[in-house]
Amino acid sequence: MSVAETGSIGAGAVIEADAVIIGAGPAGLFQAFELGLLGIKSHIVDTLKHPGGQCAELYPDKPIYDIPALPVCGAQELVDRLMEQIKPFGPQFHLGEEVNELRPREDGRFDLATGAGSRFIARAVVIAAGLGSFQPRRLGVEGADVFEDRQVHYRVRNTADFHGQRLVIFGGGDSALDWVIDLTGKATNLVHVHRRPEFKAAPASVARMRQLVAEGRMTYVEGIATGIRSQDGRLTGVTVKRTDGTLEQIDADHVLAFFGLHPKLGPIAEWGFELEKKAIKVDTARFQTSVPGIFAIGDINTYPGKKKLILSGFHEAALAAFAIAEYLNPAKKVHLQYTTTSPIMQKRLGVNG
Ligand SMILES: Cc1cc2nc3c(=O)[nH]c(=O)nc-3n(C[C@H](O)[C@H](O)[C@H](O)COP(=O)(O)OP(=O)(O)OC[C@H]3O[C@@H](n4cnc5c(N)ncnc54)[C@H](O)[C@@H]3O)c2cc1C
């Protein structure tokens, strides 16, 4: 698929929108605010199940020191504050959905579709996709991809699929420990594998796991996966190299791995935009891409002098909002107004009388 091609994307319930924002990181969230001030409603789509992009996913507890007027602000706190700020404009969130298709229509609007089946027709699109769509880190052993979603899983869609099964669960974070605890007793056999003695998960969860091991209800192995065993097209087990160097063969019907998420450019690379070092080229007056009506802000864009900072994304969102307002209503001049004194902006914000 390319933005150069036109045509509509399938059938089904379609959401018609003035603006669809791809990405709920700080730039995408602030874009909804800036559009809201100008009276434009937006939909925000993100692969993650929560807003906040890198701030929420990669460093929620770390302090940020370069947000204007906030000498120090926790990364998750910044996301919470942005969510509070955009509340008056009620942007509609579509979380846990990756936009995998973006295509111009013959009527000048854009078709968008997500992997989860949502469809949009948007008059304008803002790509605020950061470093890309957050994807689970894979197991990293040869042949595992063949069994992905059948017997090798990076998320749990339906817990019942694992009841009465032999499971191997990898990982040392909260997701891994939560599923180890939840599925012990429901699986016929459960082995938990983690590469080192330290865990990222909550100490209470680690203590509970150790208690289950002591009670003989599950097994814990310290090591890493080195291979997959299969027979007649079905996965039959995994090979684990223990930290002492010995190899252990573990029989399994399903392997679940929770190694966290990392951003991957993903479908955006196939949309036909001019890219430079995995970023979309934009102009610095409107933050528009080479396709009129599609804008790009935040870490995903590039232009001479670009700095991948939250502050830059905020500035870009403000200018893109004015450009989008003009694009949606070319006949209407968009005047600069101050939130301090503009009755119409204050009405939109719900703050005047
Ligand atoms: C450890 C660390 C510390 C940092 N500290 C600072 C700091 O002190 N100050 C500072 O200014 N910056 C800092 N940064 C950088 C800052 O976090 C980024 O500049 C900022 O997050 C960019 O915001 P964004 O909204 O453009 O993108 P992101 O935060 O990356 O959000 C993009 C979102 O788009 C989603 N997405 C992508 N593709 C799709 C798709 N196809 N469909 C649906 N959703 C999609 C992703 O899942 C993601 O949630 C730091 C970064 C890191 C990693």
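Which loop holds Gly-266? Keep that in mind while we get our bearings.

**The whole model**

You are looking at a predicted model, in which local features need pLDDT of at least 70, side-chain atom pairs count only at pLDDT 80 or more, and totals for chains, interfaces and linings use all residues. Residues are numbered from 1 along each chain as its sequence is written, and side-chain values use heavy atoms, with hydrogens and water left out.

Start by colouring everything by pLDDT, the predictor's confidence in each residue, from 0 to 100. The protein averages 93, and 96% of the residues score at least 70. Now select residues 1–11, where the pLDDT is below 50. That stretch still has 34 contacts in the model beyond near neighbours in sequence; a contact here means heavy atoms within 4.5 Å. Where pLDDT is low, the predicted coordinates should not be read in detail.

Switch to a cartoon view and you will find seven helices and 21 strands. Both are DSSP runs numbered from the N terminus: helices are H or I with at least four residues, and strands are E with at least two. The C-alpha atoms fill a box of roughly 70 × 45 × 40 Å, taken along the principal axes. Among contacts between residues at least 6 apart in sequence, 59% join residues at least 24 apart.

**Stop 1: the loop between S17 and S18**

Back to the opening question: select Gly-266, and you land in the loop between strand S17 (261–264) and strand S18 (275–276). Gly-266 is partly exposed, at 28% relative accessible area. On this scale, buried means under 20%, exposed over 50%, and partly exposed in between (1.4 Å probe, protein chains only).

Pro-267 counts as buried, with 11% relative accessibility. Leaving aside residues up to four places away in sequence, Pro-267 touches Glu-98, Val-99 and Asn-100. Its C-alpha atom is 9.2 Å from that of Leu-102, a residue 165 places away along the chain.

**Stop 2: the cores**

Together with Leu-112, Val-125 and Ile-127, Leu-102 touches the most other members of the largest nonpolar core, which has 66 residues. Helix H6 (residues 310–328) gives the most to this core, with nine residues. Apart from it lies another core of 20 residues, among them Val-141, Val-152, Val-193 and Val-240. A nonpolar core is a set of buried Ala, Val, Leu, Ile, Met, Phe, Trp, Tyr and Cys residues joined through side-chain atoms within 4.5 Å. In the protein as a whole, buried residues make up 48% of the 353 residues.

**Stop 3: where H1 meets H6**

Show H6 alongside helix H1 (residues 26–37). Their axes come within 8 Å and cross at roughly 35°; these are lines fitted to C-alpha atoms over the stretch in contact, with angles running from 0 to 180 degrees between N-to-C directions. On the H1 side, select Pro-26, Ala-27, Phe-30, Gln-31, Glu-34 and Leu-35; on the H6 side, they meet Ile-310, Gly-313, Phe-314, Ala-317, Ala-318, Ala-320, Ala-321 and Ile-324. These residues divide into eleven nonpolar, two polar and one charged. Here Ala, Val, Leu, Ile, Met, Phe, Trp, Tyr, Cys and Pro count as nonpolar, Asp, Glu, Lys and Arg as charged, and the others, Gly among them, as polar.

Zoom in on Gly-313, which is buried at 2% relative accessible area. Beyond residues up to four places away in sequence, Gly-313 touches Ala-27, Ile-297 and Gly-298.

**Stop 4**

Select Val-238 in strand S14. At 0% relative accessibility, Val-238 counts as buried. Its contacts, not counting residues up to four places away in sequence, include Val-168, Phe-170, Ile-228 and Ile-250.

Then move to Asp-232, in the loop between strand S13 (219–231) and strand S14 (234–242). Asp-232 is exposed, at 77%, and has a positive phi near 50°. Most residues other than glycine have a negative phi.

**Last stop: Ala-69**

Finish at Ala-69, in the loop between strand S3 (63–64) and strand S4 (73–74). Ala-69 has a positive phi of about 70° although it is not a glycine, and counts as exposed at 78% relative accessibility.
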